[in-house]
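Subject: Structure handover

Hello,

Here is the structure you asked to take over. Please open it alongside this email and follow the residue numbers as you read.

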Amino acid sequence: MAVSHLECRECKAQYPLEALYVCEQCFGPLEVAYDREDGHRDLGELRRRIQGGPQNIWRYADFLPLAGGPPGPSGRLASRVGLPAGCTPLIRADRLAKRLGLREVWVKNDAANPTHSFKDRVVSVAVTRARELGFETIACDSTGILANSVAAHGAALGLESFVFIPADLEEQKVLATGIYGATVVGVEGNYDDVNRLCTELCAERDWAFVNINLRPYYAEGSKTLAFEIAEQLGWELPDRCVVPVASGSLFTKIAKGFDEWRALGLLEGELPRMNGAQAEGCSPVASAFAEGHDVCRPVKPSTIAKSLAIGNPADGPYALDLARRTGGSVDAVSDEEIRAGIALLAETTGVFTETAGGVTTAVLAKLAERGDIDPDERVVLVITGEGLKTLDAVRGTFETHTIAPTVEAFQDGVPQTVAV
Ligand SMILES: *Cc1c(COP(=O)(O)O)cnc(C)c1O
Ligand SMILES: [Zn+2]
């Protein structure tokens, strides 16, 4: 699958593969387009080529928007070294399934990435493309998780990096970013203010803003999550995926990944039902879904799931279309349900998730309770970040038993279900 050009998602106008992101004719978003060679490949050979690749997202380099060149003996190009992302565990979660009255639930744990979130996938692709295009400085606007990944990739590749965050961001997130040597800029204002500033700076500076002028390439990185899920399921599609929705990019690109492999014949069957998950405190897509609208009304976010707090989601209409077209939905859950979701996942699987994973787990529970899920379905629950990033969300959810250092104190002070 050779990368071909950038294309407007609305009017289909074509553009060269440069640092462009918005259509000059209709202001629609640009997306990477490929030359399709549907069904012409030797599938066995293609699978072996993927399986023989490195244990990271570059095993899917044939499906990513990089100029590339011939792979070397190691199978990889110099431009693709750096901070390898991907190949995260897909865990069969029988105890979680049982709790929810389901048969087959898999947890895709993307906390197991270099900076502990799925953002490493998209940043790896954007930064690699930025280097191909000759950029020497990378940048982003972020509510923290993206900043973390951009700073780490800058360090790994020896590129200068600037990250722009709201000035009142939690200290732990700032510390975990600045340590990589990035220039951390705290902007007095909310995320929308940061975003506006960066869009202006992007027009002025010759910098690669991974989620602005490099956005078409960045977004393609999310497809690798779909490729991995399919490969880990033995080249099969799941029946349903529950995915967090902020801008809606991850949600729609997972389906794009499945679709590209279906077109090649690598996967058979229908697209999975796609269930988007949002927090009630920022649920423009879920609200539009419930009201039957094709576009989203922007909202002012207020939720503990800050990584999903985008009030005006760029891919909202595409996310709505995907959910409807696949027989899925976009649902929202309260902050209380999110906390319960984090605890449920931790207690039943040993996976501690950042708040976005609490959102997906709570939405899965809601779908199961509503009877939306057929007991025979194979469901994939996407966990996008590590719980240590949002420790505040779980404070006060359990009790620590403090005792004197004696056996008596332990006997008297700690409830025990196991007889001694
Ligand atoms: C960025 C992010 C997402 C998804 O964001 P989209 O804008 O919808 O692609 C999900 N979870 C976490 C933890 C994130 O940082
Ligand atoms: Zn257009």
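This is a predicted model: local features need pLDDT of at least 70, side-chain atom pairs count only at pLDDT 80 or more; totals for chains, interfaces and linings use all residues.

The zinc site

Start with the zinc ion (ligand 2), which is coordinated by the SG atoms of Cys 8, Cys 11, Cys 23 and Cys 26 at 2.2 to 2.3 Å. Along the sequence, these donor residues follow the spacing C-x2-C-x11-C-x2-C. What arrangement do the 4 donor atoms around the zinc ion make? The angles they subtend run from 98 to 116 degrees, and the arrangement is therefore tetrahedral; the test for four donors is that all angles lie between 85 and 135 degrees.

Two positive phi angles

Lys 12 is placed in the loop between strand E1 (2-8) and strand E2 (14-15). Its phi is near 65 degrees, a positive value in a residue other than glycine. His 116 also has a positive phi, near 70 degrees, and lies in the loop between strand E5 (104-109) and helix H3 (119-132). These are worth a note because most residues other than glycine have a negative phi.

Helix H8 against helix H9

Helix H8 (residues 223-232) and helix H9 (residues 249-264) have axes that come within 7 Å and cross at roughly 55 degrees. H8 and H9 are therefore oblique to each other, and H8 passes H9 in a right-handed crossing. On the H8 side, the contact is made by Lys 223, Leu 225, Ala 226, Phe 227, Ile 229, Ala 230 and Glu 231. The H9 residues in it include Leu 250, Ile 254, Phe 258 and Trp 261. Sorted by class, the contact of H8 with H9 has 9 nonpolar, 1 polar and 5 charged residues.

Helix H10 against helix H11

The axes of helix H10 (residues 284-291) and helix H11 (residues 316-325) cross at roughly 50 degrees and come within 10 Å. H10 and H11 are therefore oblique to each other, and the crossing of H10 past H11 is right-handed. Val 285, Ala 288 and Phe 289 of H10 make the contact with Gly 316, Ala 319, Leu 320, Ala 323 and Arg 324 of H11. Those residues divide into 6 nonpolar, 1 polar and 1 charged.

Helix H12 against helix H13

How are H12 and H13 oriented to each other, roughly parallel or roughly perpendicular? The axes of helix H12 (residues 335-349) and helix H13 (residues 355-370) are 7 Å apart, and the two helices pack at an angle of about 90 degrees. H12 is therefore roughly perpendicular to H13. In H12, the residues Glu 337, Ile 338, Gly 341, Ile 342, Leu 344 and Leu 345 meet Thr 355, Gly 358, Val 359, Thr 361, Ala 362 and Lys 366 in H13. By class, this contact of H12 with H13 has 6 nonpolar, 4 polar and 2 charged residues.

Regards

Key: Residues are numbered from 1 along each chain as its sequence is written. Chains are lettered from A and ligands numbered from 1 in the order in which they are written. Side-chain values use heavy atoms; hydrogens and water are left out. Axes are lines fitted to C-alpha atoms, for helices over the stretch in contact, and angles run from 0 to 180 degrees between N-to-C directions. Helices (H or I, at least four residues) and strands (E, at least two) are DSSP runs, numbered from the N terminus. Angles under 35 degrees count as roughly parallel, over 145 as roughly antiparallel, 65 to 115 as roughly perpendicular and the rest as oblique. A crossing is left-handed if the near helix is turned anticlockwise from the far one by less than a right angle, and right-handed if clockwise. Contact means heavy atoms within 4.5 Å. Ala, Val, Leu, Ile, Met, Phe, Trp, Tyr, Cys and Pro count as nonpolar, Asp, Glu, Lys and Arg as charged, and the others, Gly among them, as polar. Donors are N, O and S atoms within 2.8 Å of the metal (3.2 Å for Na, K and Ca); water is not among the atoms, so sites may look incomplete. Four donors count as tetrahedral if all angles lie between 85 and 135 degrees; four count as square planar and six as octahedral if opposite donors are over 155 degrees apart and all others between 65 and 115; anything else is irregular.
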